[in-house]
Amino acid sequence: MRTSSSRKDPARRVAELGILLVLAMVFSYLEALFPIPLPLPGIKLGFANIAVILCACYCGLPEALLLNLLRVVLSAILFGNLSGLLFSLSGAFFSSLTLIFLVLSFRGSVSVLGISVACAASHNLGQILCASFLLRGSSWINPSVFSYIPVLLLASLITGTITGILLKLLFAYLEKTGKELRYSLL
Amino acid sequence: MTTRKKQMFPIVGDYVVYAVILLIAAIFFSLFFPKAGDKSLRVIRIQSGEDVEYYDLNSDREISVDGEDGFTLTLSVSSGTVRVVQASCRDHLCVKTGAISEEGRSIICLPARVIITIEGGDGSDEDVFLP
């Protein structure tokens with residue numbers, strides 16, 4: 001089963017990507033159903049990151065980017081509203097950039113915990129940039145929205161740590177069962 | 001066994017990521033919440049789309065704001081705090097934000113594109129006329 005030829009089997013790759021995409025969308029849906037009871041808008045646990053980072057390590061980086069894009073667009077169409085799509089796209093764009101940058105440049109010196117936190121933080125920054133653009137009024141950007149950045153960054157430290165620990169447990173389990181990973185991020 | 005246990009702990013790069021994020025948060029915090037200004041000079045800045053209006057924070061009243069897409073908000077100003085008491089949008093995040101009184105704090109209603117900010121009102125760069 002674990003020969004290199006079976007990894008390249010297109011049908012198998014499609015099936016794996018499909019499973020991961022469904023996993024990401026179920027996470028998105030559950031988080032939309034049960035929001036964190038805090039009076040702070042825009043904060044959620046970001047469990048969909050688990051599927052994206054898992055996809056990056058198991059299938060590859062291009063597949064992870066595709067997964068992130070599809071997850072955002074499909075979730076917005078199925079469960080959300082289209083005005084939220086811009087925010088999600090902006091956040092997904094920045095978190096994808098961070099994911100690529102960290103995996104390609106700092107693999108070995110940063111673990112999946114740091115990657116998870118950095119992706120959560122950059123996702124939030126992307127959303128803030130989008131908000132400051134949409135609320136820009138007469139100037140090209142609205143800096144008063146940036147006052148929310150410290151709150152969001154501190155929140156992403158907590159939520160990113162939670163998803164990072166879950167990912168560490170998941171990777172430890174995958175390595176124990178002998179799954180071949182393209183990028184080991186432990 | 002020991003190696004697997006070690007793998008569960010953060011490594012150097014993780015601490016660097018944490019430090020960088022904390023640093024950015026601290027920079028933005030110091031940019032937007034610099035000092036506690038004179039309370040008697042605070043004003044409410046209400047931006048709806050491209051229109052900006054200022055109100056005195058120290059005179060109690062109700063303010064109606066017309067946002068974009070036909071959304072309306074009702075603000076209540078009382079004893080130096082302002083809060084949104086009624087909003088016609090669907091998520092009511094602005095209502096849930098509650099009352100704000102500190103300089104630099106803001107209430108944002110995205111569907112109506114309305115931003116309510118408390119400013120120092122020390123007249124540093126704008127002429128503010130309070131109605």
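Accessible areas here come from the Shrake-Rupley method with a 1.4 Å probe, and for residues only the protein chains shown count as cover. On that basis chain A exposes about 8,900 Å², with carbon and sulfur atoms supplying 73% of this surface. Chain B exposes about 7,800 Å², and here carbon and sulfur atoms supply 56%.

The model is predicted, so local features need pLDDT of at least 70 and side-chain atom pairs count only at pLDDT 80 or more, while totals for chains, interfaces and linings use all residues. Residues are numbered from 1 along each chain as its sequence is written, chains are lettered from A and ligands numbered from 1 in the order in which they are written, and side-chain values use heavy atoms, with hydrogens and water left out.

Chain A contains seven helices and zero strands, where helices (H or I, at least four residues) and strands (E, at least two) are DSSP runs numbered from the N terminus. Of its 186 residues, 51% are buried, that is, under 20% relative accessible area (1.4 Å probe, protein chains only). Contact means heavy atoms within 4.5 Å; among the contacts in chain A with a separation of 6 or more, 71% join residues 24 or more positions apart.

One helix pair in chain A can be followed in detail. Helix α3 (residues 48-58) and helix α7 (residues 149-176) of chain A have axes that come within 10 Å and cross at roughly 40°; axes are lines fitted to C-alpha atoms, for helices over the stretch in contact, and angles run from 0 to 180 degrees between N-to-C directions. On the α3(A) side the contact is made by I50(A), I53(A), L54(A) and C57(A), and α7(A) brings T163(A), L166(A), L167(A), L170(A), F171(A) and L174(A).

Buried residues account for 37% of the 131 residues in chain B. Residues 24 or more positions apart provide 36% of the chain B contacts with a separation of 6 or more.

Finally, the two chains meet: 33 residues of chain B are in contact with 36 residues of chain A. The area buried between them is about 2,800 Å², 72% of it from carbon and sulfur atoms; buried area is the accessible area (1.4 Å probe) that two parts lose on being put together, summed over both. In chain B, M8(B), Y18(B) and I21(B) lose the most area to chain A, together 20% of what that side buries.

Technical notes. Buried means under 20% relative accessible area, exposed over 50%, partly exposed in between (1.4 Å probe, protein chains only).
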